[in-house]
Amino acid sequence: MTMPAPVSTLTPTPDAKAPESPKTAFADLWRPALLQAFVKLDPRQLKRSPVMLVVELTAIFTTILCVMPEPAVPTGVAVQIALWLWFTVLFANFAEALAEGRGKARADSLKAGSVGLSARRRTSTGGYEIVPATRLRKGDVVRVEAGEMIPGDGEVIEGIAAVNEAAITGESAPVIRESGGDRSAVTGNTRLVSDWLVVRISANPGESTLDRMIALVEGAKRQKTPNEVALDILLIGLTLIFLIVVVTLQPFAYYAAGSLPMVFLVALLVTLIPTTIGGLLSAIGIAGMDRLVRLNVIAKSGRAVEAAGDVHVLMLDKTGTITFGNRRCTALYASPGVTAKELAEGALLASLADETAEGKSIVEFIRAAQTLPEPPASDFNAVPFTAETRLSGIDFNGRVYRKGAVDSVLAFVGLKRSEVLPALSREIDKIAQSGGTPLLVCAQGRLLGAIHLKDVVKPGIRERFAELRKLGIRTVMVTGDNPLTAAAIAAEAGVDDVLAEATPEKKLARIRHEQNDGRLVAMCGDGANDAPALAQADVGMAMNDGTQAAREAANMVDLDSDPTKLLDVVQIGKELLVTRGALTTFSIANDVAKYFAILPALFASVYPQLGVLNVMHLNSPQSAILSAIVFNALIIVVLIPLALRGVRVQAASAAHLLRRNLLIYGVGGLVVPFIGIKLIDMLLTALHLV
Amino acid sequence: MHSYDYALILAFFVLVLLPAPWLGRFYYKVMEGQRTWLTPVLGPVEKLCYRVAGVDPSSEQSWQKYTLALLAFNLAGFVILFAILLFQQYLPLNPQQLPGQEWTLAFNTAVSFVTNTNWQSYSGEASLSDFSQMAGLTVQNFVSAATGLAVLVALCRGIGRRSAQTLGNFWADMTRATLYGLLPLCLVLALFLVWQGVPQTFAHYVNAVTMQGVDQVIPLGPAASQIAIKQLGTNGGGFFGVNSAHPFENPSAWSNLFELASIILIPVALVFTFGHYVKDLRQSRAIIACMLALFLIGGGTALYAEYQPNPALNSPLVQHTAPLEGKETRFGTTGTVLWAETTTAASNGSVNGMHDSLNPMSGMVALVNMMVGEVIFGGVGAGLYGMLLNVLIAVFLAGLMIGRTPEYLGKKLQAKEVQLLVVTLLVMPVGVLVLAAIASVLPSAVAAVSNPGPHGFSQILYAFTSASANNGSAFGGLSANTPFYNLMLSLGMLLGRFGYILPVLALAGSLAMKKTAPIGQNTFPTHGPLFVALLTVTILLVGGLTFLPTLALGPIAEQLTLGF
């Protein structure tokens with residue numbers, strides 16, 4: 001899927017904003033990764049990827065065989081095979097280490113801040129004691145003063161303060177955190193820049209946002225995702241089958257009064273078992289999570305990310321996700337007999353003192369269209385909005401300028417709705433029907449005209465929904481607006497369905513309804529009343545600046561509090577699955593060519609006639625087997641970039657995606673090794689290595 | 001090939017493909033207890049069966065209970081058959097006073113018929129009484145086929161139902177499968193065969209003096225009834241030792257055509273039954289297309305190979321025709337090859353010629369048909385559930401590539417399903433490769449082989465493949481009636497039968513419990529040419545990668561050694 005504007009968030013821009021930019025360039029990573037590749041040879045670590053464990057065991061076995069030479073295999077060839085088997089394991093380890101390195105670099109830079117952090121914990125008597133942050137437990141209450149770091153994730157129970165969350169979000173502007181309401185959650189390792197807070201800690205050590213972030217990108221601790229577990233089982237199954245195939249070959253050869261060289265049998269086993277995917281599986285998973293982390297989204301488990309790839313329905317809040325947060329002025333309609341300039345002047349003056357976003361949008365709209373004289377604030381008397389008048393405006397030069405909702409202004413000028421001139425009345429109705437909000441402007445008791453306020457749909461969002469639709473994902477817009485208004489915005493944004501006049505209960509019911517029909521639902525939310533829906537949804541993404549309740553109910557937290565990111569998460573989930581599937585298919589398809597390389601070589605002593613199967617015309621049995629092994633090892637290296645970057649998922653139907661990927665990775669997997677093995681064979685022969 | 005060869009092939013396809021959609025719907029209605037045109041006749045019998053057995057057909061079973069009932073029923077069937085074979089001299093209807101079978105042979109035969117394999121290490125007319133044939137073997141011919149059908153419908157229900165705890169009632173499924181699914185068709189075929197000249201009698205064997213003046217005993221018996229079910233139930237165990245090459249078992253061109261078509265009549269129809277269960281006949285058409293493609297690839301290869309003359313006879317003095325050695329001259333090369341292809345594609349195993357005499361490549365086609373797990377139409381029920389396993393494997397392998405957790409017809413394939421699939425994937429490698437490897441190194445087992453070199457290896461390979469695939473056809477040439485082969489092949493047969501049935505039922509239970517995701521644009525398409533191609537390649541790839549080295553040492557080496 002080629003995402004428009006927001007795609008740029010996929011590139012690591014947040015890193016650039018972070019206080020100390022983690023080193024994630026290949027140049028910084030390859031050295032430690034190389035070292036890690038050797039460390040990971042430890043079988044205890046390797047047992048997490050059973051296929052590679054088998055390769056390591058065969059490498060050890062072949063190394064031993066090197067000192068017990070068989071007549072059919074020159075020692076030089078046996079040594080080379082053993083070496084390339086070790087390389088196979090090392091290459092796979094290197095891929096994993098490289099993937100880990102990027103995530104770890106980021107995690108380390110975050111972790112650095114938390115070392116030696118201490119906290120002021122409230123004791124049972126009501127006093128405070130200083131304890132190391134690592135000793136804080138869920139439920140502890142701490143007090144944080146200006147200039148101090150918040151020692152852990154938690155909820156503000158007293159106070160109001162500005163917090164700099166740059167360490168986590170990369171956003172340098174401080175945000176306000178206060179008790180009660182929807183801005184009560186704080187994150188560990190962020191700095192208080194003003195006032196004080198009393199915070200109830202909500203996570204035990206090891207369970208904080210930061211810890212989760214680190215756990216997702218560390219190979220040894222990472223929990224495998226459900227599809228990864230399923231794929232692992234299949235790979236183990238295939239390995240077992242090929243083990244049976246290879247082990248039984250010796251008795252069969254014995255029947256034919258022949259004997260097969262052990263080293264060659266080992267080579268056959270390693271080339272047949274799915275080493276390509278087996279070696280890269282872990283790296284794919286880690287790299288996928290790292291992409292998420294770079295998006296500044298923290299998933300509580302890999303499971304949720306995979307589920308994001310599976311979702312059928314996205315429930316998106318209108319405000320903030322589909323439209324900009326506030327209504328904006330988009331047009332002015334003058335009453336008959338009023339000039340456009342008069343109306344603009346009136347509307348501008350009536351809005352000058354209005355500090356609301358809507359008021360400002362009116363001023364901006366008029367300023368952009370024409371230059372009108374604006375009196376300085378000292379010259380006029382601002383009349384703010386009150387609950388009684390429901391109007392705002394200014395008194396200037398003894399003239400009264402007001403604007404407000406239709407009914408309020410009509411009441412102010414003493415008109416009935418039926419007495420409004422038909423031309424203006426029609427415009428008012430039109431605005432309301434189109435989903436907008438009409439405001440009226442009056443000056444000196446005279447109706448000047450109407451202002452069209454409307455929700456402005458974010459640019460590019462419509463195209464994005466169209467892409468999602470191609471992938472078979474439906475979007476549902478959730479809004480508190482009435483159905484009429486909601487339908488108008490929905491049509492403009494191109495969503496598939498609308499949940500109007502939404503309440504938390506309605507949201508929850510809608511999610512349950514979709515799930516009962518077998519659909520997976522993703523949503524984002526921030527308020528405390530979103531928590532049940534977030535918990536019910538298959539993928540719930542909470543905003544970091546939301547409530548602690550929402551953050552706990554959700555299975556993902558977006559540190560930037562940008563609900564549109566849900567779309568990126570879906571994308572990453574899909575890429576993760578496609579990459580695994582593509583490399584699995586490629587890996588299995590490769591076996592065909594390897595058979596044609598190895599079988600004639602293997603059976604050369606038993607049935608030389610089988611030489612006809614040597615369709616690649618490889619130079620000798622030794623060179624054929626060595627070429628297959630070398631290809632098998634090198635293909636892992638070649639595919640590392642793909643594993644780390646992930647296979648792109650275009651916006652297209654499942655049938656289209658399947659056809660395309662089968663062609664590239666299935667047919668490609670059949671053809672590439674024929675060419676690769678032949679080239680390697682030519683090279684090995686030219687270098688006289690066999 | 002002559003025009004009548006083409007006519008035979010055409011008639012065969014018309015006979016099996018035309019009635020399939022109708023027959024498939026009939027099986028669906030029958031297995032779901034709906035009313036069919038046979039209900040007025042068989043309904044009361046069905047009710048009587050339930051009353052006598054004390055079964056409530058509407059009380060459904062969980063997959064565990066269903067499996068237990070199936071195992072108990074099969075075990076009981078095995079014990080009874082084993083006893084009949086051991087003690088037939090004490091039982092009635094034994095005009096030739098034949099003694100009981102040796103215990104390993106009786107064990108092998110009982111396992112063979114309970115597992116729907118019908119591997120025969122004995123010759124029917126020389127060692128079995130009419131009672132053993134009728135009350136022993138024919139009964140198992142019916143119920144083993146019905147068992148396959150029951151497992152299939154359990155799997156169909158598992159896929160078709162949403163958030164369900166039960167898979168149906170095993171006893172009701174067995175009753176309906178036997179009563180409506182098998183008996184009426186068998187009755188029709190048996191009468192047809194009797195008309196064509198197959199004996200159906202309790203009379204003693206006939207003594208005759210041949211024109212050379214030699215005394216000959218001509219065996220008779222209730223053959224037609226058993227032949228009907230051995231063809232329709234994909235059993236394949238002949239009444240007579242040489243199976244449908246015997247003139248009393250297959251007397252005419254008509255009997256040959258109808259016996260041939262009967263082999264895959266029900267397996268083809270059941271693919272449509274599946275479509276009714278999942279309410280999407282496009283799935284059926286895709287699966288049929290894949291089976292047909294594999295059938296035609298195999299059949300075409302075998303026909304081509306069998307029409308190649310043996311290079312050893314390459315001399316101007318020899319008139320070159322297709323080799324006829326080992327073939328039933330009444331049916332010719334095409335008739336024999338088409339039967340060989342059909343009987344190994346379906347897990348029937350009856351023969352009208354000797355596979356040992358096939359050219360290496362045609363012999364390999366027979367082997368490959370079985371090695372892919374008997375899924376090219378396959379056995380009654382067993383073929384399709386085996387094929388559905390392949391469908392699930394294909395969906396899992398390629399399904400990730402559309403960026404979703406793999407789903408088949410709305411059912412997610414997760415770790416548990418993959419685990420069960422892997423278990424079934426291991427059945428053939430273990431049953432064929434491991435058991436054949438043991439036989440290959442034991443001098444006593446190797447001594448049973450009649451030819452040296454790769455052909456002898458093919459004989460061992462074929463025996464274990466046939467047993468593990470529950471096919472039952474014999475390559476011939478292997479003296480398999482030894483305690484070693486009787487027991488090892490029994491092991492292969494049990495593995496090949498229950499190594500699939502148990503995971504399949506567990507899979508059915510697990511799938512039934514899942515929610516069904518709605519089918520939409522983002523659903524992995526499991527119909528249409530792309531999926532058919534994917535499925536076909538998956539089957540060939542999984543089978544090929546497992547067995548290519550072994551085949552290289554058997555038929556491929558033989559082909560190259562003979563200089564074809």
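In strand β6(A), Val175(A) is the bridge partner of Val163(A). The two strands involved are β5 (residues 160–164) of chain A and β6(A), joined by 4 bridges and running antiparallel; strands are DSSP runs of E with at least two residues, helices are runs of H or I with at least four, and both are numbered from the N terminus. Two strands pair if DSSP finds at least two bridges between them. This is a predicted model, in which local features need pLDDT of at least 70 and side-chain atom pairs count only at pLDDT 80 or more, while totals for chains, interfaces and linings use all residues. Residues are numbered from 1 along each chain as its sequence is written, chains are lettered from A and ligands numbered from 1 in the order in which they are written, and side-chain values use heavy atoms, with hydrogens and water left out.

The pair belongs to an open sheet of 3 strands in chain A, with the order β6-β5-β8 and antiparallel pairing. β6 (175–178) and β8 (191–192) of chain A are at the edges and have a single partner strand each, so one side of each is left without a neighbour in the sheet.

Chain A as a whole has 24 helices and 22 strands. Its radius of gyration, taken over C-alpha atoms, is 33 Å, well over the 26 Å that the globule rule gives for 690 residues, so chain A is more spread out than a compact globule. The globule rule is 2.2 Å times the number of residues to the power 0.38. Along the principal axes, the C-alpha atoms of chain A fill a box of roughly 115 × 65 × 45 Å.

Chain B has 19 helices and 4 strands. For chain B the radius of gyration is 23 Å, close to the 24 Å that the globule rule gives for 564 residues, so this chain is as compact as a globular protein of that length. Its C-alpha trace spans about 75 × 55 × 50 Å along the principal axes. Strands β1 (residues 206–209) and β2 (residues 215–218) of chain B run antiparallel and are joined by 4 bridges. Val206(B) has Ile218(B) as its bridge partner in β2(B). The hairpin of β1(B) and β2(B) has 5 residues between the strands, and Gly213(B) takes a positive phi near 85° there.

The two chains meet in a contact (heavy atoms within 4.5 Å) that takes 60 residues from chain A and 59 residues from chain B. The buried area, meaning the accessible area (1.4 Å probe) that two parts lose on being put together, summed over both, is about 5100 Å², and carbon and sulfur atoms give 76% of it. Phe252(A), Tyr255(A) and Leu658(A) supply 16% of the area that chain A buries against chain B, more than any other three residues.

Between the chains there are 10 residue pairs in polar contact, both residues at pLDDT 80 or more. A polar contact is a pair of N or O atoms within 3.5 Å; within protein, one must be able to donate a hydrogen and the other to accept it, and residues adjacent in sequence count only if both atoms are side-chain atoms. Several helices of chain A each supply at least two residues of the side that touches chain B, among them α22 (565–602) and α24 (654–686). The largest share, 19 residues, comes from α8(A).

Arg469(A) forms one with Asp496(A), the closest N and O atoms being 2.7 Å apart.

How values were computed:
A salt bridge is a side-chain nitrogen of Lys or Arg within 4 Å of a carboxyl oxygen of Asp or Glu.
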